[in-house]
Amino acid sequence: MNRFAALLFAVVASCTRAPASDVRSTTVAPPSTTGGTTAPAAAAATTTTTTTAATTTTAATTTTATTTATTTATTTTTTTTTTPPDGQDFLAEARVLFRVAACGPSGELPSRFDAAVVARHCEELARAYDEYKKTWVDVAMPFLGSLRPKDLPRVVVYPFGGGDLVSALATFPDALEITTISLEPAGDVRPVDTMAPDRLAHELAVHRGHLERLFEKAHSRTDNLEKESKTEMPGEIVFALAALVVHGFEPVSLRYFRLGPDGAIVYVTQSEIDAAAHKPRELHGLFENVELDFRASQGSPAPPGSAGPLRVLRHVGRNLDDDHLKADGSLLGNLNAKGRVVAMTKAATHLLWSGHFSLLRGWLVDHVDWMVSDSTGLPPRVAEAAGFVQETYGTFDGPAPFGLPDARNGDDLRRLFASQPSRALAFRYGYPDSHGHAHLVVTCHK
């Protein structure tokens, strides 16, 4: 076997096997118990103990982390009864949005809304769902499934991923916890309770148009997300609920939260909302981050490989550049508590190539076992220096002009693609390259 063939074999073997045991965190339970993830907040039943600082108060964190470490060391399963967290649950509003805006199979249609308007919206949206599933989901999911090693962590971190739960679930269908982070706030669901009936058709048309563009481009455009955040129905949450419809899930709970200094989740209470009622800036801040628990819809089988009926999406509205992460360390504290993770990045305006995002890039290098991206993932020189290998799919002639991609990283990525055998890619995963070609990069440990 010549040197090039040996290198190629090493790349393929590394990116299609489970991560080596020596790179797993000792404070996260192995996938054979609970997938190394946090149980969703709505689980008020007997579950395996895997909760970390990211989902509990500081006092509870020490006890739970110790329990989890013991579980890992002895390869036994410790169970405990969990209870719903404090904080106001907006499930009723979420179910209205799920039914009216996302056209889910369950949920309530308020009597003040024109049922014919909703029916026309759902008829059009159903066609968009069907086309998207046929042309992207049904093509991408089997392909991505063929690339994923078994026994990966079931905790997903998706930086710059606001509004894109739909492709996160396609990429990691067995994930139990998904964290998306972007500039856009989650948004307030309460206006659906008071929205004027004559606004309904306009609101639905705006969200439907943006969803159709998301499905067409296979990524969320920042300008669309910004427009969605200014509508009466919160765009981030409508996008997430639409993802549940596409993948056969339904909402179970919706709470807002903030991050404590150590990254622990603190849920927003009704009394805090009432106290901020006449303080617009403070009130807006209470609705920046959202936790959405969900499960397979009634009558829908759980996706293959699922480890339990409840999943959780947490969206954090935050600037990820170095200045903001240094000024407020709570997000990195929250992410650090997750242990080993899988990650994805696409359509991220090449921000991970920038020197202004070195802290996030460093965090990914230190915590990721397996990552999939378009050109906006980890640059080859960063990945190689950290001991990763990268496997390429599709064609890459250079970065598309989104953001400010620098020539050095573009040249490195082009050489990486040229050095490997051509591997076909039948769908777009984020941006095209400079000539419109689909491309994809898998990054994993050697």
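In the predicted model, the side chains of Asp 174 and Arg 154 meet in a salt bridge with an N to O distance of 3.8 Å. The two partners belong to distant parts of the chain, 20 residues apart: Asp 174 is found in the loop between α5 (165-171) and β4 (177-182), and Arg 154 in the loop between α4 and β3 (155-159). Asp 174 is partly exposed, its relative accessible area being 22%, whereas Arg 154 counts as buried at 16%.

A second salt bridge joins Asp 164 to Lys 346, with the closest N and O atoms 3.1 Å apart.

Because Glu 291 lies in strand β7 (residues 289-296) and Arg 314 in strand β8 (residues 311-317), the pair ties together parts 23 residues apart in sequence. Glu 291 is buried, with a relative accessible area of 1%, as is Arg 314, with 3%.

The largest nonpolar core comprises 80 residues, and Tyr 256, Trp 370 and Leu 440 have the most contacts inside it. Helix α4 (residues 115-147) gives the most to this core, contributing 12 residues. Apart from this core lies another, of 29 residues, including Val 155, Phe 257, Leu 259 and Leu 335. Beyond its neighbours up to four places away in sequence, Trp 370 touches residues including Cys 15, Leu 147, Phe 172, Val 341 and Cys 444.

Definitions and conventions: Residues numbered from 1 in each chain as written. Predicted model: local features only at pLDDT ≥ 70, side-chain atom pairs only at ≥ 80, totals over all residues. Heavy atoms only, no water. Core = buried A, V, L, I, M, F, W, Y, C linked by side-chain atoms within 4.5 Å. Buried < 20%, exposed > 50% of the residue type's maximum accessible area, 1.4 Å probe, protein only. Helix = DSSP H or I, 4+ residues; strand = E, 2+ residues; numbered from the N terminus. Contact = heavy atoms within 4.5 Å. Salt bridge = Lys/Arg side-chain N within 4 Å of Asp/Glu carboxyl O.
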